[in-house]
Amino acid sequence: LARFNNLGTISVIYLIVLVTLKAVRSGFHLEFHWFESVNNFVAEFRLSFPQLTGVLTLAFFFHNSVITLLKNNQDQKNNVRDLSIAYLLVAVTYLYVGIMVFAAFPSPELSKECIEPNFLDNLPSNDVMAFIARVFLLFQMTTVYPLLGYLVRVQLLVQLFGKVYPSFLHVFILNLLIICTGVLVARFYPNIGGLIRYSGATCGLAFVFVYPSLVHMISLKRQR
């Protein structure tokens, strides 16, 4: 399953190439002068910066899925190395794409506030390269979904029924719920930035404050 998911790397490489080409063509539009009237002003500090913490805590919450992925590694002693490389590549990819899209966004024709959370929505609908990127993303989602479904199944069904695969009906209902949830969110709240912030903040809250307290309370109860 993990090897099949590796094919999604092709779409990531294409997105990096797409962002690079668009940035080279449009150039950078950035100005940092606080006390001068400029068209491309970018503030180094904003009161809305806590929104980033939701994204960061979501990355922290993903550790529970990492354990499930790495426990099947053939060579367990390389887990730290492999995980470090994976986090580094993800961080570099997100930073590169985010910075390039933000810097190359065509100000002053449009304000930086107009940047869509899905950066492909900032490109014209008749852009051929953007269309190809969406096809690649569809392919990537096709490869990622089985892996995400497996992670949810392991963490949820094992806790409820004690088995990764209780029956075909259990797995079918779970997959149906996952798909329906995704479709409903895409239909009524297609805001990936908000979803990441809120879900990340909620999951991070549980990991940082709730779970440690519960584990400590359970440990004290067992010691009595």
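This is a predicted model: local features need pLDDT of at least 70, side-chain atom pairs count only at pLDDT 80 or more; totals for chains, interfaces and linings use all residues.

Guide: Start with the setting. The protein has eight helices and zero strands. Along the sequence, the pattern reads α-α-α-α-α-α-α-α. Of its 224 residues, 22% count as buried.

Now go to the pocket. How is such a space found? Rolling a probe the size of a water molecule over the atoms shows where empty space is left. The second largest pocket holds about 350 Å³ of space. Its lining is made by 16 residues. Look for K22, S26, A104, P106 and L123, which lie nearest the centre of the pocket.

Which helices supply the lining? Helix α2, residues 9-26, and helix α5, residues 79-104, each supply at least two residues. Helix α2 gives the most, with six residues. Next, sort the lining by class. There are 12 nonpolar residues, two polar and two charged.

V164, Y165, F168, L169, F172, I173, L176 and L177 make a nonpolar surface patch of about 800 Å². Pick out F172 from this patch. F172 lies in helix α7, which covers residues 168-188. Is F172 buried, exposed or partly exposed? Buried means under 20% relative accessible area, and exposed means over 50%. F172 has 43% relative accessibility, so F172 counts as partly exposed.

How values were computed. Residues are numbered from 1 along each chain as its sequence is written. Side-chain values use heavy atoms; hydrogens and water are left out. Patches are made of residues with over 30% relative accessible area and no salt bridge: like charges are joined within 9 Å, nonpolar side chains (Val, Leu, Ile, Met, Phe, Trp, Tyr) within 5 Å. Accessible areas come from the Shrake-Rupley method with a 1.4 Å probe; for residues, only the protein chains shown count as cover. A salt bridge is a side-chain nitrogen of Lys or Arg within 4 Å of a carboxyl oxygen of Asp or Glu. Helices (H or I, at least four residues) and strands (E, at least two) are DSSP runs, numbered from the N terminus. Buried means under 20% relative accessible area, exposed over 50%, partly exposed in between (1.4 Å probe, protein chains only). On a 1 Å grid over the protein atoms alone, a cavity is a set of points where a 1.4 Å probe fits but cannot get out, and a pocket is an open set with protein on both sides within 12 Å along at least five of seven lines; lining residues have an atom within 4 Å of a point. Grid points are joined across faces, edges and corners, and a volume is the space filled by probe spheres set on the points. Ala, Val, Leu, Ile, Met, Phe, Trp, Tyr, Cys and Pro count as nonpolar, Asp, Glu, Lys and Arg as charged, and the others, Gly among them, as polar.
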